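The structure is shown first.

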Amino acid sequence: MNIGIIGLGLMGASFARTIKKKTNNKVYGTDRDSAVILKASLIGAIDEELTHKNAQQLDMLIISIPPRGVSDILSEYIPLLKKRCTVLDFCGIKREICSLMSQKSKEYPNLFFFGGHPMAGREYSGIDHSVTTLFDNASMLIVPISSDIFNTEKVKTFFIDLGFKEVVFTNPELHDSEIAFTSQMCHVVSNAFIKSPAAITHHGYSAGSYKDLTRVAKLDSRLWSSLMIDNRDKLLQELNIFIQNIQKYKTALENADEEDLQKLLEEGNRVKISIDARGKK
């Protein structure tokens, strides 16, 4: 296939490099930063720069940029694409993006549209931190918008061949609800936790639990704030649940209620064990 990738940051560049390593597909790439395009070419992540002219040859177009720029990209590139080209995004939220794609699918019924979200990442950003192992054993979330069963199966196989452990088909509403819990809340909690004065003096006093909890405090603040604001209804639901739960621990400590605190800790322990057991099944 001829695959175009718009946005050659950590995610887009890693995806381009993975395609080049594991398949014989040809990769065209572009980025708003011309230096990034040059670097992508030099490290072999792309075969050619994506242009309006060669976009007409694409079998798949992947949009790997922040959500608020997707509308302009769709308007710019979709009219150039050939019949039966697959258009897919890598954005971290899906309701607004999938709504845009649904509108475009009515204007361009000969194209295939999918919302996508690779469940992978690092606490770093940019092409300099891209790797070919980023998606190994990860989940690929897919929202079918406009496709036939044969192309949908082709897309699924494509991601499995790249090293993804599974392809999970979902819908925009469920996606944004789950991501608010599994991703956005983790960044909020980690980012807030690290602001304790004790963080300055923790060296020599910390082990794996500190490292695990604080890893995602390091982030791209501009990107994550936009994702959280655009998904704020779902994120606020999870944040309110967290605040209600954490208040129970605070109350038990204030009252020196060891029995109640033990019950709270054991409850969380049981929930974690139960969830892990379900995941293994």
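In this predicted model, Phe-135 has a relative accessible area of 0% and is therefore buried, the cut-off being under 20%. Phe-15, at 1% relative accessibility, likewise counts as buried, and a relative accessible area of 0% places Phe-159 among the buried residues too.

A search of the whole structure finds seven aromatic pairs, two of which are set out below.

| Pair | Centre to centre | Angle between planes | Class |
|---|---|---|---|
| Phe-15 and Phe-135 | 5.5 Å | 80 degrees | edge-to-face |
| Phe-15 and Phe-159 | 5.8 Å | 45 degrees | tilted |

Phe-15 belongs to helix 1 (residues 10-22), whereas Phe-135 sits in the loop between strand 6 (112-119) and strand 7 (139-146), so their pairing ties together parts that are 120 residues apart in sequence. Because Phe-159 lies in helix 5 (residues 149-161), its pair with Phe-15 of helix 1 joins parts that are 144 residues apart in sequence.

A second topic is helix 3. In helix 3 (residues 70-77), the buried residues are Val-70, Ile-73, Leu-74 and Tyr-77; they cover an arc of only 100 degrees around the axis, which puts them on the same side of the helix. An α-helix has 3.6 residues a turn, so residues three or four places apart point the same way. What covers the buried residues of helix 3 includes strand 1 (2-6), strand 2 (26-30), strand 4 (60-63) and strand 5 (86-89), together with helix 4 (95-107).

Notes:
Residues are numbered from 1 along each chain as its sequence is written. This is a predicted model: local features need pLDDT of at least 70, side-chain atom pairs count only at pLDDT 80 or more; totals for chains, interfaces and linings use all residues. Side-chain values use heavy atoms; hydrogens and water are left out. Buried means under 20% relative accessible area, exposed over 50%, partly exposed in between (1.4 Å probe, protein chains only). Helices (H or I, at least four residues) and strands (E, at least two) are DSSP runs, numbered from the N terminus. The arc is that of the directions from the helix axis to the C-beta atoms. Contact means heavy atoms within 4.5 Å. Rings of Phe, Tyr and Trp (its six-membered ring) pair if their centres lie within 6.5 Å; planes under 30 degrees apart count as stacked, over 60 as edge-to-face and the rest as tilted.
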